[in-house]
Every structure is written in C-alpha cells, then in structure tokens.
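I am opening my notebook on a new structure. I will look things up one at a time and write down what I find.

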Amino acid sequence: MSATTTLPELERTAPVRHRPALSYELFPARSDVSFERLQETIAHLEATGPDYVSVTSRARHGNLARVIEVTEHVLAETSLRPLVHLTSIGSTRAQLTTIIHALLDRGVRGILALRGDQPEGHRLEDDEVPFARPLIELIRDIERERTATLAGGRVSIGVAAYPLRHPESPTTSHDTEVLVAKEKAGADFAITQVFFEPSVYCGLLARAEEAGIRMPIVPGLVPATNPRRLERLAAISGVEAPRELLHQLEIASDEVERRRIGVRFTVDLARRVLDAGAPGLHLYTFNSHADALDVLDHLDLDRWSATPQGDAR
C-alpha cells in the first residue's frame, strides 16, 4: 500500500516546500504606540509564510525588555519562529548565560550570535565575551546542559557574514577566516550585511567555498526605496548604494515613482543572487512591511528550487 494512502494526514499538513528560504528583520518597538504598529507589520509579513523573523537588539542589551516583548508576541500570537539577535560586546559570560536561558525558557530556538558594534575607546572588562565565536560556544554549552528540556533538539545559531570587508578587518581573507571559525564553533548558517551588487555576494560565496565553508549564506537585502534610509545605512555600515540609484530616487517625480524605482532595483538584485545559488532571502524591513511586500509581489520565489548552496557554486 502506498505512503499516500496510509498516511493521508501528512500529505495535508506537511506539503513539500520548493521555494527558497524567506525571512525578515524587525526592530523592537520603542513605545506602546509603535508596538501596536509593529504588531500590524508582523501580521502582514506572517501572511507571506516566512521561515522566521529576526528580532534585533542593542549592544549591552539596553532594550532587552522590548526584545522580549516582541519575541513573546511572535511566539504566542503568530505561527512565526523568532531568531533573536544576541550581542556579546559589553556583556559578561554570566549576563549572556542568563539571557540565553531566559530565551530558551520562552521557547526561542533560534539565535543570531553577534559581537555587536564596539563603542569607540571600549576596553574589555573581566569575563566579557569579546567576539561572536565564544558566544556561539557558550550557546552550545548551554544547549548541551539542557538537552533533555529541549527534547533532544538543537538551537539554530546564525551569524553575520560580510560580502564587503568588515570596517575593522584588514582584508576580506581575514573576514573569511572569522567566518570559518564561527562555523567550526557551531554556527548553522550566516546572513550577510547589506550589499547592492550581485558580484559582491558571488565573491563571498567563492571565498567561502574555497575555505571549505558548508553552511548556507543567506543574502541580506534592503528594499532600496528610501534615499534617506540608504544614506543612514551607509553612515552606519560603510556600504553605499550605487550613485545612479540614489540619483534616480532623488529626481523621482513622486513617492509612487520612487517606490517603483527602488522595488525594481531590489527585485533585480534578488533575482540575480537567487540565480547564482543563494539559498534564500533575508529582507531588512525597518519595520515597514509595504516595501518588503512590494518586492515579493514582483518575485516568483517558487521558480527557484532550494538547491543546496554547495552544489550551486
């Protein structure tokens, strides 16, 4: 007797998924009013069936209460899985241990392990966790201690990858070495910082393959519709949008035309990295669902099968 006739429930409840991975990045609300707007954005994004939503946090965890607030909402009120950002800079091993246990107690099973932005003149304190690699190791240590309560499961750990050289790194080769160390420490996948040229992402894939990295590297894209946002992003990350794109956005006749230009650029970028073998897309939403949904409306994600990234390089 065929599996279809003996297990019909599985046919209905677990359809085979062919499209690439899809995820969004959210910022915790700064007030009760903005939290209500964030809940609306989450509802719109949930309707697209993403694999997870990432929840950012500040260095030193100054907004931890708000991070927990949105995480608990995602877990209790939606079908989404949260990937909670955890930064190590400025935090001791004991503080991070407390936060990790608190996240696992609430049902979080995905953590994005980051060093975080280092304040100018920062000096490491005793027992401070200075990099993402020891943070990954700490998460794995706690996971092993809690194997029974996790039902034998694993925590999924993501890390950052840099298509362009990290501002504090001497070379892209050094960035690759850091990414290798993160994978060896127990990272499962990486999400890239923003970029605007497909060749930049392809270069990262080539360097990763040469170094023997096997974990998926998901491209992080920002809907390029708001020139002020792109300028602020460049100031923070050092990654500048193409001058021609910024010029077209500046001279656009109205908001509709500006959005059309930005969405067209982002869709083209997404298509090209998917054609190059990207395992999925991670969209930086800035808590605005409209632009992200416009990008998705122009993408047929089902046309890209989830080819293992190592086979696509």
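This is a predicted model: local features need pLDDT of at least 70, side-chain atom pairs count only at pLDDT 80 or more; totals for chains, interfaces and linings use all residues.

Which residue stands opposite Y52 in β2? I looked, and S23 stands opposite Y52.

**Entry: the whole chain**

I found 13 helices and nine strands. The chain has 313 residues, and buried residues make up 49% of them.

Strand β6 (residues 189-192) joins β7 through two bridges, and the two strands run parallel. I191 has V218 in β7 as its bridge partner. I also looked for a helix on the sheet.

**Entry: around β2**

I went back to the strand that holds Y52. Strand β1 (residues 21-26) pairs with β2 in the parallel sense, over four bridges. On to β3: three bridges join β2 to β3, again running parallel. V53 has P82 in β3 as its bridge partner. I traced the connection too. β1, α3 and β2 make a β-α-β unit, and the unit is right-handed.

Which way do the side chains of β2 point? I saw Y52 and S54 pointing one way, with V53 and V55 pointing the other way. These residues are all buried. I wrote the rule beside this: in a regular strand the side chains alternate between the two faces of the sheet.

Then I followed the chain to T56, in the loop between β2 and α4. Is T56 buried or exposed? T56 has a relative accessible area of 9%, under the 20% cut-off, so I count T56 as buried. I listed what T56 touches, leaving out residues up to four places away in sequence; among them are E25, L26, F27 and P28. T56 also touches N63, V67 and H85.

**Entry: helix α4**

V67 took me to helix α4 (residues 64-77). I tested the length of α4. At 1.5 Å a residue, the 14 residues should span 20 Å, and the end C-alpha atoms are 20 Å apart, so the two agree. The buried residues of α4 are V67, I68, V70, T71, H73 and V74. I noted that an α-helix has 3.6 residues a turn, so residues three or four places apart point the same way. What do the buried residues of α4 pack against? I found α3 (32-46), β2 (52-55), β3 (82-87) and α5 (93-105).

**Entry: helix α7**

I ran the length test on helix α7 (residues 172-185). The 14 residues should span 20 Å at 1.5 Å a residue, and the end C-alpha atoms are 20 Å apart, which agrees. I listed the buried residues of α7 as D175, T176, L179, V180, K182 and A185. Their cover includes α6, β5, β6, α8 and β7. Just after α7, I noticed that G186 takes a positive phi of about 130 degrees.

**Entry: aromatic pairs**

How many aromatic pairs does a search of the whole structure find? It finds four. One of them is F195 with Y201, a stacked pair at 5.7 Å centre to centre, with 10 degrees between the planes. Both F195 and Y201 are buried. I also looked at F196 and F265, which form a tilted pair at 6.4 Å centre to centre, with 45 degrees between the planes. F196 lies in the loop between β6 and α8 (198-210), while F265 lies in helix α11 (residues 255-275), so the pair ties together parts 69 residues apart in sequence. F196 is buried, with a relative accessible area of 6%.

**Entry: R229**

My last stop was R229, in helix α9 (residues 227-237). R229 is buried, with a relative accessible area of 14%. Leaving out residues up to four places away in sequence, I found that R229 touches F286 and D291.

Key:
Residues are numbered from 1 along each chain as its sequence is written. Side-chain values use heavy atoms; hydrogens and water are left out. The expected span of a helix is 1.5 Å times one less than its number of residues. Buried means under 20% relative accessible area, exposed over 50%, partly exposed in between (1.4 Å probe, protein chains only). Contact means heavy atoms within 4.5 Å. Two strands pair if DSSP finds at least two bridges between them. A crossover is right-handed if, with the strands pointing away from the viewer, the path from the first strand over the helix to the second runs clockwise. Rings of Phe, Tyr and Trp (its six-membered ring) pair if their centres lie within 6.5 Å; planes under 30 degrees apart count as stacked, over 60 as edge-to-face and the rest as tilted.
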